[in-house]
Amino acid sequence: MTARPSRPADPAFDGTSYAAATAHHRAHDDEVLAPVRWRAGLRVLDVGCGVGDLTRSLADLVAPGGEVLGVDASASQVDVARAGGARPDVRFAVARVQDLDAVVPDGWADVVVSVATLHWVPEADQPRAHDRLARVLAPGGTLRLDQGGAGQIGSARPVLDDVAAAHGLGPSPWFFPDARTLGDLLAGAGLVVDDVRLVRQRRALPDRDAMAAWLVSQVLPGYLRGPDAPRGEDRRALERAAVAACATALRRADGSYDQDYVRAQALARAPLGGSRVDRATAYP
């Protein structure tokens, strides 16, 4: 396959700061990965691989003989992932979910895993993103999704929207679907949906420093996209203002800044024989 150039990747994330603040995601990996039937030799696509910490864990689940490709829209994060140590069964590439066909052939993956990624895709692009995910699956292959769902970081978003507005920026950009909406997107891409649900979690941010690291590395990049987004000192001023506002508004009675997460989790599969299924029969 000759790879076509992907569209410009996301410059808003900093891989180094993101790598230092991923523990709250990794604490839930066992729950996310448990429904998949792992075995040696599988080919796995990690969509939204970030700095590659989950990607390498996936490689361990399919060894020996397996192969894992991690894909992320952030070139900075992929640089950090590649610097984490070479191994022959793991590769990384830069691409958006909407442009997976630039780096992955149709039908390549036995399993596709995506954690904390699809809510970054604009709502208008969601059908295309799910179509790309479906197309890279081999017949009978498994798709496992975990992303922000309806109600995600509900206490933080209004505070951050106010800070963003004061800096001339728009409101929070994320797509946080309910279970029905996510199921319809998967079925509309021709997948058989076995399970889709919202899961409520409390993610640990024990002090102001942890909260600030979470904001700067994983949340504020949502407001900092596009050619007109603030850079340099203007970006740092926005970050300082957001941390200061959240330090007051988000402090819990126990002294922590723990966040209430709502995860939209789904398990789906590509039909056997490679044919798409009718939407009505895929997800009742």
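**View A. Burial of His119 in the predicted model**. His119 has a relative accessible area of 6% and is therefore buried, since this value lies under 20%. The residue is placed in the loop between strand 4 (109-115) and helix 6. Its side chain is joined to that of Trp120 by a polar contact of 3.2 Å. Leaving aside residues up to four places away in sequence, His119 touches Gln147, Gly148, Trp174, Phe175, Phe176 and Arg263.

**View B. Packing of helix 6 with helix 8**. Two packed helices are described by the angle between their axes and the distance between the axes. Here, the axes of helix 6 (residues 126-136) and helix 8 (residues 179-188) cross at roughly 55 degrees and come within 8 Å. Helix 6 and helix 8 are therefore oblique to each other, and their crossing is right-handed.

**View C. Residues at the contact of helix 6 with helix 8**. From helix 6, Gln126, Pro127 and His130 meet Leu182, Leu185 and Leu186 of helix 8. By class, the residues of this contact comprise 4 nonpolar, 2 polar and no charged.

View D. With a relative accessible area of 2%, Gln77 is buried. When residues up to four places away in sequence are not counted, Gln77 touches Phe13, Gly15, Tyr18, Gly50, Val51 and Asp72. Gln77 and Val121 are separated by 44 residues in sequence and, from C-alpha to C-alpha, by 17 Å in space.

How values were computed:
Residues are numbered from 1 along each chain as its sequence is written. This is a predicted model: local features need pLDDT of at least 70, side-chain atom pairs count only at pLDDT 80 or more; totals for chains, interfaces and linings use all residues. Side-chain values use heavy atoms; hydrogens and water are left out. Axes are lines fitted to C-alpha atoms, for helices over the stretch in contact, and angles run from 0 to 180 degrees between N-to-C directions. Helices (H or I, at least four residues) and strands (E, at least two) are DSSP runs, numbered from the N terminus. Angles under 35 degrees count as roughly parallel, over 145 as roughly antiparallel, 65 to 115 as roughly perpendicular and the rest as oblique. A crossing is left-handed if the near helix is turned anticlockwise from the far one by less than a right angle, and right-handed if clockwise. Contact means heavy atoms within 4.5 Å. Ala, Val, Leu, Ile, Met, Phe, Trp, Tyr, Cys and Pro count as nonpolar, Asp, Glu, Lys and Arg as charged, and the others, Gly among them, as polar. Buried means under 20% relative accessible area, exposed over 50%, partly exposed in between (1.4 Å probe, protein chains only). A polar contact is a pair of N or O atoms within 3.5 Å; within protein, one must be able to donate a hydrogen and the other to accept it, and residues adjacent in sequence count only if both atoms are side-chain atoms.
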